[in-house]
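Please prepare a briefing on the structure shown below, with its points grouped by topic and the cut-offs stated where terms are used.

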Amino acid sequence: MAMIAAKCPDIQVTVVDLNQARIDAWNSDVLPVYEPGLDEVVASARGRNLHFTTDPKAAIKAADLIFVSVGTPTKTQGIGAGRAADLRYIESAARLIAEVTEGPKIIVEKSTIPVKTAEAIKTILSANSCSEASFQVLSNPEFLAEGTAIDDLNSPDRILIGGESTPEGDAAVEALASVYATWVPRERIITTNLWSSELSKLVANAFLAQRISSINSISALCEATGADVNEVANAIGTDSRIGPKFLKASVGFGGSCFQKDVLNLTYLCESFGLPEVAEYWRQVIHLNDWQKSRFVEKMVRTLFNTVTGKRLAILGFAFKKDTNDTRESAAIAICRDLLLEGARLAIYDPKVDADQIQADLAYVGIGEELFKKNVEVVDDPYTACEHAHGLAALTEWDEFRELDFAKIHGLMFKPAFVFDGRSILPMAALKEHGFEAFVIGKG
Ligand code: UDX
């Protein structure tokens, strides 16, 4: 919304959230999200045509287009628990829109939702609104990735808009397309029917996640054979049919989308009587979970089959670099497993604070007592390494490439072990300073 406001000064954009603290943060100098370049974009439009409020009724009344961007977390209980999307916030947003609308509105699904949600939204809207109200529901999934959001929004590969194939539907699609066309070339604005658009978001994320699980599966084979997964990735990525992107072996993908959307896709397939298709995609998640536990096993085995009481430095907790987001970060599962093995952890991440780390570990069963006893969150990587038996790099922050390994070697127990889950640490420096190094995907 900030980008739309920045690019289209004559469109008034109002962002509404019921959470006062969040809205206050969006109105302050310290935004609640760390994203390179976002501060400047918000500053360029806030107060002019970008407003943050906690009054949804007034904002809905005044709007021609309403982007529904509420959370659709994975259900934790009931039918489809652990896989299906929880649509309660979508439903309450639709009910609120219906209640206050008195004229024509275009409702844009921005949240990632299971196919056919637009139908549910339409039913709720028409059953709960007055006779003057009329609605068009569009699907407009977001493809930005965190850490590169501003570039992705500035020059997206494509904008996808799905709508009903009726004259009113076409007009609504065009209304939204014309907003993006302010800065996105027309040929990059793809229009489809509603269901294709809804499904394409899940499929795009499933294909991306599948690429990572594919290369991660090969990383294990490389370690076993003495091949180097980066060389393999480069060799296959130069085949233009395969392409070079998203072939970086890692400790496992994280983030708010991949796991959630693939699970959602498997649930959808099962609901439509396609268990084989569901099973096929489930393997993408299965391999990702395996990659994380494989990494922990490698650490424990290397550290003489025990990490009990040992101090381990953990560099990076976010699910990728350039974000403070930790949702589904591989670091969460890895730290949990190490703590359950009795390790003491010293965690450093440049953008993730101690409260967030404690909350994430609590969610996976690490109680306050164990956290206080065995986890220390520190302010710099060198403090993390003091008296450590091993060091694990879990997020590919650029600053980890610049670390002084002579200094680190002096701080750690000998032999000093490094586990690089992202292939980012300078191998030459590690060798020169006498580390025993394990790099994901290297034999
Ligand atoms: C993803 C999609 O890229 C985006 O289009 C969609 O809108 C939301 O989901 P995001 O989760 O923000 O975006 O980050 P992304 O860059 O896709 O990375 C996801 C995870 O995969 C991260 O944990 C990342 O470290 C990992 N990854 C990515 C790899 O392990 N290897 C790679 O080669 C690429």
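The lining of the second largest pocket divides into eight nonpolar, two polar and no charged residues, where Ala, Val, Leu, Ile, Met, Phe, Trp, Tyr, Cys and Pro count as nonpolar, Asp, Glu, Lys and Arg as charged, and the others, Gly among them, as polar. This is a predicted model, in which local features need pLDDT of at least 70 and side-chain atom pairs count only at pLDDT 80 or more, while totals for chains, interfaces and linings use all residues. Residues are numbered from 1 along each chain as its sequence is written, and side-chain values use heavy atoms, with hydrogens and water left out.

**Pocket and cavity**

- The second largest pocket holds about 160 Å³ of space, and its lining is made up of Ala84, Ala85, Leu87, Pro114, Val115, Asn264, Tyr267, Leu268, Ser271 and Phe272.
- Both kinds of space are found on a 1 Å grid over the protein atoms alone: a cavity is a set of points where a 1.4 Å probe fits but cannot get out, a pocket is an open set with protein on both sides within 12 Å along at least five of seven lines, and lining residues have an atom within 4 Å of a point.
- Grid points are joined across faces, edges and corners, and a volume is the space filled by probe spheres set on the points.
- The structure holds one cavity of 30 Å³ or more, and the largest cavity has a volume of about 40 Å³.
- The largest cavity is lined by Glu109, Ser111, Thr112, Ile113, Ser139, Pro141, Glu198 and Lys201, a lining that by class has two nonpolar, three polar and three charged residues.

**Ligand surroundings**

- The ligand is surrounded by 20 residues, of which the closest are Phe143, Glu146, Ser250, Lys320 and Arg422; a residue is counted here if one of its heavy atoms lies within 4 Å of the molecule.
- By class, the shell around the ligand has eleven nonpolar, three polar and six charged residues.
- The largest share of this shell, four residues, comes from helix 9 (residues 194-225), with helices (H or I, at least four residues) and strands (E, at least two) taken as DSSP runs and numbered from the N terminus.
- A polar side-chain atom of Ser250 is 2.6 Å from an oxygen atom of the ligand.
- Of the 660 Å² of accessible area that the ligand has on its own, the protein covers 91%; accessible areas come from the Shrake-Rupley method with a 1.4 Å probe, and for residues only the protein chains shown count as cover.

- Ser219 is placed in helix 9 and is buried, with a relative accessible area of 0%; buried means under 20% relative accessible area, exposed over 50%, and partly exposed in between (1.4 Å probe, protein chains only).
- The side chains of Ser219 and Arg294 are joined by a polar contact of 3.2 Å, that is, a pair of N or O atoms within 3.5 Å, where within protein one must be able to donate a hydrogen and the other to accept it, and residues adjacent in sequence count only if both atoms are side-chain atoms.
- Glu223 is also found in helix 9 and counts as buried at 17% relative accessibility.
- The C-alpha atoms of Glu223 and Gly443 are separated by 3.8 Å, although these residues are 220 residues apart along the chain.

**Backbone geometry in loops**

- The peptide bond from Lys414 to Pro415 is cis, with omega near -10°, and Pro415 sits in the loop between helix 17 (405-411) and strand 12 (417-420).
- Phe246, in the loop between helix 10 (229-237) and helix 11 (258-271), has a positive phi of about 60° although it is not a glycine, and Phe246 is partly exposed at 39% relative accessible area.
- His387, in the loop between helix 16 (381-385) and strand 11 (390-393), likewise has a positive phi of about 60° without being a glycine, and His387 is exposed, with a relative accessible area of 54%.

**Separations between C-alpha atoms**

- Ile440, in the segment after strand 13 (436-439), counts as buried at 1% relative accessibility, and its C-alpha atom is 39 Å from that of Ile161, which is 279 residues apart from Ile440 along the chain.
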